[in-house]
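Keep the viewer open and try each task before you read on.

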Amino acid sequence: MINTSRSSPNILVVGTPGVGKSLMSRLLSEKTGLTWINVSEFAIENKCLEEYDEIYQCPILDADKLLDQMEGLMYEGGKIVDYHGADFFPERWFDIVFVLRTDNTILYDRLKNRGYTGKKLEDNIDCEIFQTILDEAKSSYREEIVHELISNNLNQVTQNVNRICQWIEQWTIDNQQE
């Protein structure tokens, strides 16, 4: 258990693009009142991007600048951080980490519908097949705070939100200031 003075936990939600991180994070934020930080949007708003990657057709994140911008927010607590990678966020920021996973056939269709093609599509499917994000999270954080959640359909997303809400209630009880 992390010794914290925060009144609300910080939660990291990670996974391959297309697994439902943003949907689950938004629903969780609406249900709990915790602040959802979509790191990709936050990086754009706070100018934490470097040059453009032509192969993957996306900007490259300036991780150091992003971490500097987020530090104060994370200290406050009550944040749901949504991003595809986990390895550069400090462990001290998070009370729990959820790695969303999706069946490869479902994920393939989702990414194709988003316009992913070629190397970008192949690499993201490979990332899911080889559970790259899950392994990254387990090597970056204490294994007991990393939890894998299946996110194939809306029913599973809803079940995951409800499970996380139960965890938040228990966290709140366990961390009440005396």
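Before the exercises, one definition: helix axes are lines fitted to C-alpha atoms over the stretch in contact, and angles run from 0 to 180 degrees between N-to-C directions. Please keep in mind that this is a predicted model.

**Exercise 1.** Work out how helices α4 and α5 are oriented to each other, and which residues make their contact.

Solution. Start with the geometry: α4 covers residues 104-113 and α5 covers residues 118-129, and they pack at an angle of about 155° with their axes 10 Å apart. Next, apply the cut-off: angles over 145 degrees count as roughly antiparallel. The pair α4 and α5 is therefore roughly antiparallel. As for handedness, α4 and α5 make a right-handed crossing. Now find the contact: α4 supplies N104, L107, Y108, L111 and K112, while α5 supplies L121, N124, I125, E128 and I129. Sorted by class, this contact has six nonpolar, two polar and two charged residues.

**Exercise 2.** Repeat the analysis for α1 and α7, and say how these two helices are oriented to each other.

Solution. The packing angle of α1 and α7 is about 45°, and their axes lie 10 Å apart. Hence α1 and α7 are oblique to each other. Their crossing is right-handed. On the α1 side, the contact is made by L23, M24, L27, L28, K31 and T32; on the α7 side, by L154, V157, N160, V161, N162, I164, C165 and I168. The class count for this contact of α1 with α7 is ten nonpolar, three polar and one charged residues.

**Exercise 3.** Trace the five-stranded open sheet: in what order do its strands come, and which strands are at the edges?

Solution. Reading across the sheet, the order is β2-β5-β1-β6-β7, with parallel pairing. The edge strands are β2 (35-38) and β7 (146-150), each of which pairs on one side only. On average, neighbouring strands of this sheet are turned by 20° against each other, direction ignored. For a closer look at one pair, take β6 (residues 96-101) and β7: they pair in the parallel sense over five bridges. Helix α3 (residues 63-76) lies across β2 and β5 (79-83), running at about 140° to β5.

**Exercise 4.** Describe the hairpin of β3 and β4, and find which residue takes a positive phi.

Solution. Strands β3 (residues 49-53) and β4 (residues 58-61) run antiparallel and are joined by three bridges. L49 stands opposite L61 of β4. Four residues lie between the strands, and Q57 takes a positive phi near 55°.

**Exercise 5.** Find the salt bridge partner of R26.

Solution. Side chains of opposite charge can pair when their charged atoms come close. R26 meets the side chain of E30 in a salt bridge, at 3.2 Å from N to O. Both R26 and E30 belong to helix α1 (residues 21-32) and are four residues apart, about one turn of the helix. The structure holds nine salt bridges.

Conventions: Residues numbered from 1 in each chain as written. Predicted model: local features only at pLDDT ≥ 70, side-chain atom pairs only at ≥ 80, totals over all residues. Heavy atoms only, no water. Parallel < 35°, antiparallel > 145°, perpendicular 65-115°, else oblique. Left-handed = near helix turned anticlockwise from the far one by under 90°. Contact = heavy atoms within 4.5 Å. Nonpolar A, V, L, I, M, F, W, Y, C, P; charged D, E, K, R; others polar. Pairing = 2+ DSSP bridges. Salt bridge = Lys/Arg side-chain N within 4 Å of Asp/Glu carboxyl O.
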